[in-house]
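Please report on this model for a reader who works with coordinates. Keep it brisk, and define each term once.

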Amino acid sequence: MRNVKKAFGIVTAAALVAGLAGCGGSNGGNDSNASGSPSASASGSASASASAAPEKFEKISLFQSKVEIAEPLEALAKKYKEETGNEVEVWGSAGDAYATQLQAKLTAGQGPTVFSVATGAEAEKFKSYLYDLSNEPFTASIAPHMALEADGKVVGVPYGVEGFGIVYNKSLVDPKDVSNLDSFTKTLEKLKAEGKNGFSLSQEAYFLIGHLINMPFALQADPQAFIDKLNKGEVKMADTKEFQEFAKFLDAIKANGTNPMEVKYDTQMGDFATGKTAMVHQGNWSYGMLKDYGDLGFDIGMMPFPLAGNTKLSVGVASNWVINAKASPEQIKAASAFLNWLFTSETGKNAIVNEFKFIPALTNIEADDLDPLSKAVFEATKSGQTVTWAFNMFPQGIIVNDLAPAAQEFFLDKNMTGEQFLQKLDAAWAKAAK
Amino acid sequence: MRTTSKWLLELLLVLLALCFLSPVYLMVVNSFKNRAELYQNALALPSSLSFQYYSKAMEKMNYWTAFGNSVFVTVVSVVIVVLLASMTAWMLVRTDNKLSKIIFMVLVSTMLIPFQTLMMPLMQVMDWIRTNLHLPMLNTHGGLIYMNVGFHASMAVFLYHGFIKSVPVALEEAATLDGCSKFGVFWRIVFPMLTTITITIAILDVIAIWNDYLLPSLTLSDKGLRTIPLSTFYFFGEFTIVWNLAMAGLTLTIIPVVIFYFFAQKYIVKGIAAGAVK
Amino acid sequence: MSKKMDKVWFAVFTVPLLFVFATVVIIPFLIGIGYSFVSWDGIPANPKVFVGFDNYAKLFQDERFLASSWHTIQFTVLALVSVNLLGLLLSLFVTAKLRTSNAARTLFFMPNLIGGLILGYIWQFIFTDAFKMVGEKTGLHSVFFNWLLDPQFAIYAMVVVFTWQMAGYTMIIYIAGIQGIPDDLIEAAKVDGANLWHRLTRIVFPLLMPAFTICLFLTLSGAFKIFDVNLSLTKGGPNNASEMFAMNIFNEIFGYGHYGLGQAKAIVFFLIVAILTLTQVVITKRREVQM
């Protein structure tokens, strides 16, 4: 009995440590229970005394792509079991292997009950597995235009919103000096003269071109229509105004900074954290990287990429929670109960903001303790100062397989101009869209 | 004169070995650094030798459970591969007809198929076995072992096939005349003479299976079943790698196989086949 | 013993392995051949459309596929030579009864203990950081620069990493071969006055033919199928210059979601490679000496 108590104590302590900021409410419930029955379901009903005794559901499995939240998610599943008595088995997957593994597991008839899909081509690919969530209570509070939809039905709940733009060192750059092509170029030249790297990209496909090229697409009157026309070969990037200016930005970046092909994401953020680089094109997720450097000694912020007078950050949804429509009805019921708990219970909401570190895309979740980059994104979202993630509408695989190689060529070939690069991009696009 | 050249050779060997070891050096030193230190200089020695990342990696990986799973899967797979492959290879060498030639060629040529093209159909076949024969092929150690045996069979047969030739047929014939069955001939006479190549195969397969990530990642889902390479997934994000934990985890992954190899290689010794001829 | 009994024994010895092998490799491969005639994105619930030989017709116009095949051939030839030369050299070294032989035998094999993915990541540090540093210190910028950014050197970089990994692997197969050569043969040759070179070329190498066959084939198949190192070291870049065949297929199947086309590519390449390598196996097998 002593061992049981001890073990239970450790579990409770672990749960509390994992709970961090949100420990206020659940404290009493758990403690008083340690002395009583060690059964998990009993402890659950005690802490959630307001609601009726929790229903017993089938055990479900959960498979998702974001490795960074794997551990807090496991801890959360443990809490879910404590509070409701129901079980969620969290599977593991390494970053970019996720989609392949998901495909294999579905092929093997071993699909997970709850899983994640990226907005765009990936969601389209797995469309036949997405359960209609339109009537689930928790989808009502998804922020406008953020829900994952298929054929007019809500099929996925966003992880959170994410945004990118120019992450800058406030002691080196003033946003006023980065407001258009001219001032941007002048700032880069000035920084270069001071021995600083003005603006840095890095060699990973999305950080090299995928995110950057979003801007000229997003600034089109109707990005989706523009992409459709591009796929059909009815328009060319080289003939479009925003892209022409984009090419000039690229020329300036190439002329005044280190070659991004030499720079990995790790080094990019290292150079930024140590003050060698003044600006990087990155998103709020990069804060996790900066945190590892301790006190930076300067303030950071995020500002819009000033293409064609743009004043907005690129904000969108990377990943969504979905329920496997091919699972058994009992499992679907259990899955919807879990998601409902995740998005409406205090424990769940707290985990989303404080453990997963997501910027909530649900209006019923408060976020008050965000890091500076997430805060910038959150505020832009609330005030509507955002443009869409147009690259989610691109043909499947095009960024990694076609656009990135073209960009590599551009940055490695000293003589290639931005204009020639646009032609390369047009050619690459035509080939990929076939 | 002879001793000088021998010393030179020794020196060369040591230098070469150090050269070979440099990437391993990188792996070990970077398991002691935090991100800022790694960024400053990936090649330098760490500023402090604290094993915090190792204990953290062990805890996150649930190391000992994963270790037990890995040992079980690896040992059983390799034992079955060795037993079945040696028997098959011996029969194929000693039976000189079209069928055995075809079987051999099929086994060998399939080693050229990239695994990436097999994985989806393989999952379908396993799903079919599961639903129609009710054998739990997926999300079980047994199923993984079965697939390991299938994938490593051809190489083992290939290796045995090459080395069985050094076993004199005369010995087998003598034993047959003494009234040994085929089974007896194989296990009493032939198999013991194949020790060197058996150990070699065991070493190669142990390493391949121990380190394998792809196949287990497709077949094992439950946390409690994870092998060691699977449990390092926490350190590999989509864009970032938690270097110190990843390197510590990797070092922890390979230490058991280094030890295994160090002891196993001693059994690759001279004279087993040679001695028997006399 | 009767012919019938021989057949029974043949079955007893071979069927268990062949059964497992058939379910895990052969049947999936045949299913794969079937998929090469359909247009499908690889998602079980999505429709498959029979398109006959369309996928095969398409792949011969795929310049990138042809380019990746050419990279693979370049890579394989280079790797074949360097891996086997080094592996043989190492095996002769460590069987030479030197003081450090045992330790060296372990050290040379160590690279093989690190799985392919991680290997690529570690070597990235070497090519980007270490090479840059050495280049700055020695001034040898024509050799020590970031190989991964040069289309041709990116392939060489893969050869270096693959050699580093596989040399120890072939080494232990060569060792097994060398250990199988009876001491008395070599002693007898020594008595007859044969020098080291003669002993190697007249006795050791001919008796090593089985090991050669095996190592050449293993290197060949390993090089043709290379994927892990490709993915983690160069990601096929720069500008697809180091994209190998397996990676091209993987991208086709999982990147673009063209399952049938990817399978068709795999089958065409398999046929070509199988014909080439089986010829090689048959040729070297003929030169093996029976005891």
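The report covers conventions and confidence, then chain A, chain B and chain C.

## Conventions and confidence

This is a predicted model, in which local features need pLDDT of at least 70 and side-chain atom pairs count only at pLDDT 80 or more, while totals for chains, interfaces and linings use all residues. Residues are numbered from 1 along each chain as its sequence is written, with chains lettered from A and ligands numbered from 1 in the order in which they are written.

The model scores ipTM 0.87 and pTM 0.85. For chain C, the mean pLDDT (the predictor's confidence in each residue, from 0 to 100) is 87. In that chain, 98% of the residues reach 70 or more. Where pLDDT is low, predicted coordinates should not be read in detail.

## Chain A: domains and strands

Chain A splits into domain 1 (2-161 + 317-363) and domain 2 (165-315 + 389-433). These bounds come from an automatic or database domain assignment. Domain 1 of chain A gives 6 residues to the contact, and domain 2 of chain A gives 5. Contact means that C-beta atoms, placed from the backbone, lie within 7 Å. On the side of domain 1 of chain A that touches domain 2 of chain A, 3 residues are nonpolar, 2 polar and 1 charged. Nonpolar covers Ala, Val, Leu, Ile, Met, Phe, Trp, Tyr, Cys and Pro; charged covers Asp, Glu, Lys and Arg; the others, Gly among them, are polar.

Strands β4 (residues 148-150) and β5 (residues 153-158) of chain A run antiparallel, joined by 3 bridges. Strands are DSSP runs of E, at least two residues; helices are runs of H or I, at least four; both are numbered from the N terminus. Pairing requires that DSSP finds at least two bridges between two strands. A:Ala150 has A:Lys153 in β5(A) as its bridge partner. The hairpin of β4(A) and β5(A) has 2 residues between the strands, and A:Asp151 takes a positive phi near 50° there. β5(A) also pairs with strand β11 (residues 319-323) of chain A, antiparallel, over 2 bridges. In this pairing A:Pro158 stands opposite A:Asn320 in β11(A).

## Chain A against chain B

Here 28 residues of chain A contact 27 residues of chain B. On chain A, helices α4 (70-84), α5 (98-107) and α12 (265-273) each supply at least two residues of the touching side. By class, that side of chain A has 10 nonpolar, 10 polar and 8 charged residues.

## Chain B: annotated segments and the chain C interface

The unreviewed UniProt entry places "transmembrane region" at residues 63-90, 102-123, 143-164, 185-210 and 241-263 of chain B. UniProt positions follow the numbering used here, feature names are shortened, and annotations may be inferred rather than shown by experiment. Residues 143-164 of chain B are 100% helix and 0% strand, with end C-alpha atoms 30 Å apart. Residues 185-210 of chain B are 96% helix and 0% strand, with end C-alpha atoms 33 Å apart.

Chain B puts 74 residues in contact with 72 residues of chain C. Helices of chain B that each supply at least two residues include α1 (2-29), α4 (63-94) and α7 (141-164). The side of chain B that touches chain C divides into 54 nonpolar, 16 polar and 4 charged residues.

## Chain C: fold

Chain C has 12 helices and 2 strands. Its order along the sequence is α-β-β-α-α-α-α-α-α-α-α-α-α-α. The C-alpha atoms of chain C fill a box of roughly 75 × 75 × 30 Å along the principal axes.

Of the 291 residues of chain C, 48% count as buried. Buried means 20 or more other C-beta atoms within 10 Å of the residue's own, with C-beta atoms placed from the backbone. Among contacts in chain C with a separation of 6 or more, 72% join residues 24 or more positions apart.

Conventions:
Two residues are in contact if their C-beta atoms, placed from the backbone, lie within 7 Å. A residue is buried if 20 or more other C-beta atoms lie within 10 Å of its own, exposed if 12 or fewer, and partly exposed in between; C-beta atoms are placed from the backbone.
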